[in-house]
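Thanks for coming. Please have the sequence and the model open while I talk, and stop me if you lose the place.

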Amino acid sequence: MLDAIQTATSAERNAVPASLDALVIGTGVAGLYELHQLREMGLKVHACDTASDVGGTWYWNRYPGAKFDSEAYIYQYLFDEKLYAGWTWSERFPGQPEIERWMHYIADTLDLRRDISFSTKITKATFNENTGRWTVETDQGDVIDTQFLIGCTGMLSAPLTDRFPGQSSFKGQIVHTGRYPKGGLDLEGKRVAVIGTGATGIQVIQTIAPVVDKLTVFVRTPQYVLPMKNPKYGPDEAHWYKGRFDELKTNIPHTFTGFEYDFQHTWAELSPAERRAILEEIHADGSLKLWLASFAEMFFDEAVSEEISEFVREKMRARLKDPRLIDILVPKKGDYGFGTHRVPLETQYLEAYLRDNVEAVSVRDNPITEVVPEGVKLADGTVYEVDTIIMAVGFDAGSGALARIDITGRDDLKLAEEWRKDIRTTLGLMKYGFPNLFMTGAPLAPSAALCNMTTCLQQQTEWIARCIGDMRASGNDLIEPTEAGEEEWVRHHDETANATLIAKTNSWYTGSNVPGKPRRVLSYTGGVGTYRAKCDAVAEEGYPMFAMSKVAAPQTA
Ligand code: NA7
């Protein structure tokens, strides 16, 4: 399997200090900001990343067509107006190359690179109960002693690369979108297969359809999609959004989803004609508003869900026209409701299937059984011969990235084993049994599901920095959730999540895309603003869900 790291330039690696106050894993949106905050607080802090440069998601997901579904001017750090105003976006929903350049701008402006070791994968972390510190190992032979270990490893960064038997026998090139090669692939004139039609597959398909000789798309579960409106931004638009910094900073962290907009309408108070008019207007906005700022009732009430779902299906059918394509690509009544898993924005995605060189193959009742040297084989024995296979088959979300590191906490508890039994955390920020291990984008916190990631990750990293500051101020060395505290959060999370229709739909939101993964809605669904208020209250009340203590051994780095 090809991947981005294979073609990464080998920049000289910064040495990793042997002793630290805090080690940050990952240099994406969360890791960069956590590193900055802790350094500003005077901690001896360092970050490591498997990749050869910063970016996290925006480093790895360099597949054709990768772009934002959040408006660029809200997918932002909002802690510093100068930093915000210093970058100018070229369009409403920019693509990966521009986003990656923005992440470089952040790292360079905050002078973060001197405290980052790239091409350095954290392989093992063991909590030492005598010293109250973590011993961390890397694939480069580093051994690091650190008081705090902070996973900024990403919600969607553990790609499901080994999906089908026989992948290694394939004669052509096979790539997972989350490990797309840095130099790209030459797809011109090629027969290409795309497996998967989630948010990622859709971006790939609409982008490569006009380029390749023949595109075969293997579709299992049809997706609800919304057309994107992506105007170019010039000086006027930049002036407009930069002038809104204070308003955005005040508003965004407290909305339900961390976007600038919030649910505005109440279904029961409106006539059918009024509802329709609102849906039409919001649909025409070309953003995720129809999902995240129309009617919250769609997440709870089956009848409302069905009406809004049918509205979206109707729009999709009108574009596809062909009954065979409609059958393969448009969700059916009763399948699942609009918005109960990730809604992708698209540009001429459905129209791609109307091209002569694009074929949609339904694998719902005739699944892919294996990859053979010539291509993709289905259960009925049909082989689709291709030169390149692009696997847009998703990720082990939330828990996957940390579980792939050999992490041992107190009493020999293994994080991966704990999460194999049941995916539990406290506030999505810590895990019982793992003192001084913080996490971001982790299960049971608001994350990529129903959240603008930068909003959630800023709040989570800020909470962690505050917590470490509070510990130091109170003379404590260790923090760990109590068993009761974790139970309280898991119960609240489940009550909130299980009241929604999201809990009933199969997708990475519930972990059902990974065989054997315990089912639980991964992201907190009580709202981003509510979650923030709860986290703040925990800190203000002296961390009642946690136990803090001192250790006898010295804690200086
Ligand atoms: P997703 O949303 O998990 O989508 C994966 C897609 O791959 C989805 O269409 C799956 O169909 C399909 N898939 C997975 N396994 C198979 C097999 N065995 N056969 C056929 N099709 C398969 O991943 P994405 O990368 O698109 O998006 C992840 C998130 O990243 C996204 O939500 C954004 O937040 C960014 P299924 O639905 O399981 O039938």
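Trp267 is buried, as its relative accessible area is 7%. Buried here means under 20% relative accessible area, exposed means over 50%, and partly exposed is in between, with a 1.4 Å probe and protein chains only. This is a predicted model, in which local features need pLDDT of at least 70 and side-chain atom pairs count only at pLDDT 80 or more, while totals for chains, interfaces and linings use all residues. Residues are numbered from 1 along each chain as its sequence is written, and side-chain values use heavy atoms, with hydrogens and water left out.

Back to Trp267. You will find Trp267 in the loop between α7 (245-251) and α8 (272-283). Helices (H or I, at least four residues) and strands (E, at least two) are DSSP runs, numbered from the N terminus. Leaving aside neighbours within four places in sequence, Trp267 is in contact with Arg275, Phe295, Glu297, Val304, Glu307 and Ile308. Contact means heavy atoms within 4.5 Å. For a sense of distance, Trp267 and Ala537 are 270 residues apart in sequence, and their C-alpha atoms are 32 Å apart in space.

Glu297 sits in the loop between α9 (289-292) and α10 (302-320). Not counting residues up to four places away in sequence, Glu297 touches His265, Thr266, Trp267, Ala268 and Val304. Between the C-alpha atoms of Glu297 and Thr266 there are 7.8 Å, although the two residues are 31 apart along the chain.

Next, the ligand. Which residues are closest to the ligand? They are Thr197, Thr200, Arg220, Thr221 and Trp508, out of 18 residues that surround the ligand. A residue is counted as near if one of its heavy atoms lies within 4 Å. The shell divides into nine nonpolar, six polar and three charged residues. In that count Ala, Val, Leu, Ile, Met, Phe, Trp, Tyr, Cys and Pro are nonpolar, Asp, Glu, Lys and Arg are charged, and the others, Gly among them, are polar.

With the side chain of Arg342, the distance from a ligand oxygen to an N or O atom is 3.2 Å. A polar backbone atom of Ala392 is also 3.2 Å from an oxygen atom of the ligand. Taken alone, the ligand exposes 770 Å², and the protein buries 85% of that. Those areas come from the Shrake-Rupley method with a 1.4 Å probe; for residues, only the protein chains shown count as cover. A polar contact is a pair of N or O atoms within 3.5 Å; within protein, one must be able to donate a hydrogen and the other to accept it, and residues adjacent in sequence count only if both atoms are side-chain atoms.

Now to Thr425, in the loop between α14 (415-421) and β18 (437-439). Is Thr425 buried or exposed? Thr425 counts as buried, because its relative accessibility is 0%. Its side chain reaches the backbone nitrogen of Gly428 at 3.0 Å and the backbone oxygen of Pro443 at 2.8 Å. Beyond four places in sequence, the contacts of Thr425 include Trp419, Met430, Glu486 and Trp489.

Asn436 is in the loop between α14 and β18. Asn436 is not a glycine, yet has a positive phi of about 60°; its relative accessible area is 0%, so Asn436 is buried. Tyr543 also has a positive phi, near 60°, in a residue other than glycine. The loop that holds Tyr543 runs between α17 (528-540) and β20 (546-549), and Tyr543 is buried, at 4% relative accessibility.

Last, helix α1. Its 12 residues, 29-40, should span 16 Å at 1.5 Å a residue, and the end C-alpha atoms are 17 Å apart, so the two agree. The expected span is 1.5 Å times one less than the number of residues. How many residues of α1 are buried? The number is 11 of 12, so α1 is mostly covered. Among the buried ones are Val29, Tyr33, Glu34 and Arg39. The buried residues of α1 pack against several elements, including β1 (19-25), α4 (96-109) and α15 (453-473). After α1 comes Gly42, with a positive phi near 95°.
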